[in-house]
Amino acid sequence: MLTQTARVLEPADLGAALAVLDSAPVENAFVTARVQLAGLDPWRLGGEMWGWYTEGRLASLCYAGANLVPICATPEAVRAFADRARRIGRRCSSIVGPAEPTAALWRLLEPSWGPARDVRAHQPLMVAEEPSATVTPDPLVRRVRKDEMEVITPACVAMFTEEVGVSPLAGDGGLLYQARVAELVGSGRSFARIEDGKVVFKAEIGAATRQACQIQGVWVAPEHRGKGLSETGMAAVLRYALADVAPVVSLYVNDYNTPARAAYRRVGFRETGAFMSVLF
């Protein structure tokens with residue numbers, strides 16, 4: 001008889017959870033990085049990790065924190081995670097993950113959680129494993145220094161507001177967001193080209209594991225757009241990432257952002273899958 005159960009994982013389940021995460025290291029880089037740093041304790045992790053078991057074996061996960069993220073989720077696991085999410089009520093600001101299970105999860109949750117502020121159903125996942133062969137890295141892109149927080153933060157806020165549609169300074173006045181920016185700067189994963197005290201280009205390595213890392217927050221100052229700086233800047237960040245962080249570098253981008261997709265392809269990224277985001 002087939003036995004299937006779902007439950008909140010505990011610290012003792014760490015090894016099994018990491019085994020599931022490691023089965024798709026690029027797709028799961030964001031959650032894997034958090035789990036490797038914090039384990040499965042909800043206070044340190046910033047949320048619960050739900051597990052779906054088949055015949056006593058952990059097969060699927062769902063991170064339930066500021067984001068709801070299905071991980072290696074089978075259709076049966078998606079239904080179980082949706083049931084648990086409905087019972088608890090919405091606490092997250094987004095649902096994000098590989099497109100197919102995320103879409104299935106949203107179909108089940110939309111009647112009780114909807115409407116969403118925005119649904120981005122197809123966000124190509126792009127991967128690169130070698131430095132750009134065609135675009136010369138911008139030599140002025142470098143790691144942001146810790147004493148440059150006042151310079152980089154306005155650019156980060158502008159990027160977030162453009163991308164998500166709301167300011168990260170809302171709610172708590174931006175304390176959590178500024179702490180995240182400081183964390184990335186402090187860990188050497190924030191990169192920018194800064195001229196005359198202003199950010200021209202910036203990007204961060206938002207998640208990093210031994211197997212893969214994920215670039216996020218790519219932004220060019222409006223007055224400098226159309227000059228190819230996103231390509232040369234990304235080529236520089238890609239070079240840093242491959243040399244210092246992980247052998248595979250990924251990012252995901254909105255499918256309607258045709259110029260960005262074309263720029264990333266020119267840098268050497270290729271599309272390997274798709275993510276989906278539901279924003280509240």
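Start by selecting β5 and strand β12 (residues 270-279): they pair in the antiparallel sense over five bridges. The model on your screen is predicted. Now pick out one pair of residues. I95 has V278 as its bridge partner in β12.

**Stop 1: strand β5**

Keep β5 selected, residues 94-98. Is this strand enclosed or open? Five of its five residues are buried, so β5 is largely enclosed by the rest of the structure. Buried here means under 20% relative accessible area. As you look along the strand, keep a general rule in mind. In a regular strand the side chains alternate between the two faces of the sheet.

**Stop 2: from β4 to β5**

Which way does β4 run relative to β5, parallel or antiparallel? The two strands run parallel, and two bridges join them. Select N67 next: its bridge partner in β5 is S94. Now trace the chain from β4 through α4 to β5. This β-α-β crossover is right-handed.

**Stop 3**

Select C72, in the loop between β4 and α4. Its phi is near 50°, a positive value in a residue other than glycine. Most residues other than glycine have a negative phi, and most peptide bonds are trans. How accessible is C72? Its relative accessibility is 29%, so C72 counts as partly exposed.

Move on to R90, in the loop between α4 and β5. R90 has a relative accessible area of 43%, so this residue is partly exposed. Then draw a distance from the C-alpha atom of R90 to that of L68. The separation is 9.3 Å, and the two residues are 22 residues apart along the chain.

**Stop 4: the second largest pocket**

How much space lies in the second largest pocket? The volume is about 180 Å³. To find the place, select W50, A64, G65, I88 and R91, the closest to the pocket centre of the 13 residues that line it.

**Stop 5: a cis peptide bond**

Go to P115, in the loop between α5 (99-113) and β6 (118-128). Zoom in on the bond that joins G114 and P115. This peptide bond is cis, with omega about 0°.

**Stop 6: another positive phi**

Select D196, in the loop between β8 (190-195) and β9 (198-208). D196 is not a glycine, yet its phi is positive, near 55°. Is D196 buried or exposed? At 81% relative accessibility, D196 counts as exposed. The cut-off for exposed is over 50%.

**Last stop: the whole chain**

Zoom out and show the cartoon. How many helices and strands does the chain have? There are nine helices and twelve strands. The C-alpha atoms fill a box of roughly 65 × 40 × 35 Å, taken along the principal axes. The radius of gyration is 19 Å. A compact globule with 280 residues would have a value near 19 Å, so the chain agrees with that expectation. Finally, colour by accessibility: 50% of the 280 residues count as buried.

Definitions and conventions
Residues are numbered from 1 along each chain as its sequence is written. This is a predicted model: local features need pLDDT of at least 70, side-chain atom pairs count only at pLDDT 80 or more; totals for chains, interfaces and linings use all residues. Side-chain values use heavy atoms; hydrogens and water are left out. On a 1 Å grid over the protein atoms alone, a cavity is a set of points where a 1.4 Å probe fits but cannot get out, and a pocket is an open set with protein on both sides within 12 Å along at least five of seven lines; lining residues have an atom within 4 Å of a point. Grid points are joined across faces, edges and corners, and a volume is the space filled by probe spheres set on the points. Buried means under 20% relative accessible area, exposed over 50%, partly exposed in between (1.4 Å probe, protein chains only). Helices (H or I, at least four residues) and strands (E, at least two) are DSSP runs, numbered from the N terminus. Two strands pair if DSSP finds at least two bridges between them. A crossover is right-handed if, with the strands pointing away from the viewer, the path from the first strand over the helix to the second runs clockwise. The radius of gyration is taken over C-alpha atoms; the globule rule is 2.2 Å times the number of residues to the power 0.38.
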